[in-house]
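Hi there,

Here is the structure I promised to pass on. My notes on the strands and the ligand follow below it.

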Amino acid sequence: MKKIAVFTSGGDSPGMNACLRAVVRTAIYHKIEVMGIKHGYDGMIKDEFVTMDSKSVANIIHRGGTILKTARSKDFLTIEGQQHAFKNLQKYKIEGVVVIGGDGSFKGALEFSKMCNIPFVGCPGTIDNDLVGTDFTIGYDTAINTVIEAVDKIRDTAESHDRLFFVEVMGRDAGLIALRAGIGVGAESILMPETKTDIEVLIKRLESGRKNKSSKIIIVAEGEEAGGAFVIAEKVKKRLPDFDTRVTILGHIQRGGNPSAMDRVNSSRMGFAAVEALLQGKKNVMIGIVDKNIQYTPFEKAVKHIQELNQDLIRMVDILSL
Ligand code: F6P
C-alpha cells in the first residue's frame, strides 16, 4: 500500500484530531503517503483532497472539533455522488481509506463498497457511544465530563431554590451519555430510550423522595421522547404542580472542548490500529477497544445500535438515588 486517505464524518467529537494525527504519523512511519479529505464524504465528491504530512497534524492532539472539518453528506446517498467520489479516489491513486465517524459514516462506507473496491477501515468517532464493538467511542468520555461539569453548576442553583430540574443531554438513539453522566452527578432519575419512561413510576419516585432532598435532577436523553425534556417536564408539572420545575437543554456544548486524557489515548490507539489494519488487508471493519484490547468489528455489526445497557448500573442508579 503506497497511498491512503483519511477523513472525519458526521457529528464531530473530541478526540477526532488525536485520531487523525495517529493515522497520519503511523502511515508516514510505514512510508505510506496520506491525503486528508475535507468535509467528509462531501469533500470526497467535490475533490477537497489535501496532502498531509507530520507537520500538518502537529499541536492538534489537545484540540476539540476536527481540523479536516466534517459534514453529513446528502449527495453521497446518491449513485452520482458515489461515482464522483470513486473517480476522485482513483484520480489520487488512493489504495485504502480511514473514516473517523459514527454509524451514518460506516453505513455510507458499506453502501459505497458495492461499487468501490478500495478498502475502508473505521474509527468510532461519536460522543453517543452507540456503536457495537468498542467500550468507548472517541469523544464519549469528554462529553460525559462536559455534562457533569454543567450539571454540577445546575445542582448549585437547584439546591438553593429547592427546584426540580430536567436536564436534556445528547444521544439521538442511545441513552449512554445520560446513564454515565447521570450516575456521575447523582441524578435522582435517568430517562433513556432503552428503558422507556413510565411517568407514574417517575412521579412516585419524586413524591417519595420529597423529604430526603430539596433539589432534584432528572437527566433526560434527547431520544427518550418526541419533544424531549420539555414534554416530560410538562407531564410531571401537571401531576405535581407544587414542584418548582425548570428545564435545561445542554445541546452542542457536549460536542466541543479539549478531549479528556482517556479520549486522547484511545483515539491515538485506534488511529494507529486503523493504518495497521489496512496494511494487514482488513476492510469494512471498525476499530474498537474492548477490555483494553484492540478489536475489529464488521461495519454491518458495528452500526446495529444494540449496545446493551449494563443492568447492574441501572439497578445501582435506582438504589443510590433514593
Ligand atoms: O452524532 C452525535 C450527535 O451529537 C447526537 O447526539 C445528536 O442527536 C446529533 O449528533 C446532533 O446533530 P447535529 O449536529 O446535526 O445537530
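Strand β1 (residues 3-8) runs parallel to strand β2 (residues 33-37), and the two are joined by five bridges. Within this pair, Phe-7 stands opposite Ile-37 of β2. Strands here are DSSP runs of E with at least two residues, numbered from the N terminus, and two strands pair if DSSP finds at least two bridges between them.

Before going further, please note that this is a predicted model: local features need pLDDT of at least 70, side-chain atom pairs count only at pLDDT 80 or more, and totals for chains, interfaces and linings use all residues. Residues are numbered from 1 along each chain as its sequence is written, and side-chain values use heavy atoms, with hydrogens and water left out.

β1 and β2 belong to an open sheet of seven strands, in the order β3-β2-β1-β4-β5-β10-β11, with mixed pairing. Its edge strands, β3 (49-52) and β11 (293-298), each pair on one side only. On average, neighbouring strands of this sheet are turned by 30° against each other, direction ignored (axes are lines fitted to C-alpha atoms, and angles run from 0 to 180 degrees between N-to-C directions).

There is also an open sheet of four strands, ordered β7-β8-β6-β9, with parallel pairing. β7 (189-191) and β9 (245-249) are at its edges with a single partner strand each, so one side of each has no neighbour in the sheet. From one strand to the next, the twist averages 20°. In this sheet, β6 (residues 164-169) and β8 (residues 216-221) pair in the parallel sense over six bridges, and Leu-164 has Lys-216 in β8 as its bridge partner.

Now to the ligand. Which residues surround it? They are Arg-72, Ile-127, Asp-128, Met-170, Gly-171, Arg-172, Glu-222, His-252 and Arg-255, where a residue counts if one of its heavy atoms lies within 4 Å. Among the polar contacts (pairs of N or O atoms within 3.5 Å), a polar side-chain atom of Arg-72 lies 2.9 Å from a ligand oxygen atom. A side-chain N or O atom of His-252 is 3.0 Å from an oxygen atom of the ligand, and a polar backbone atom of Gly-171 is 3.2 Å from one. Taken alone, the ligand exposes 400 Å², and the protein buries 77% of that (Shrake-Rupley method, 1.4 Å probe).

Best wishes

How values were computed:
Polar contact = N/O pair within 3.5 Å; in protein donor to acceptor, adjacent residues only side chain to side chain.
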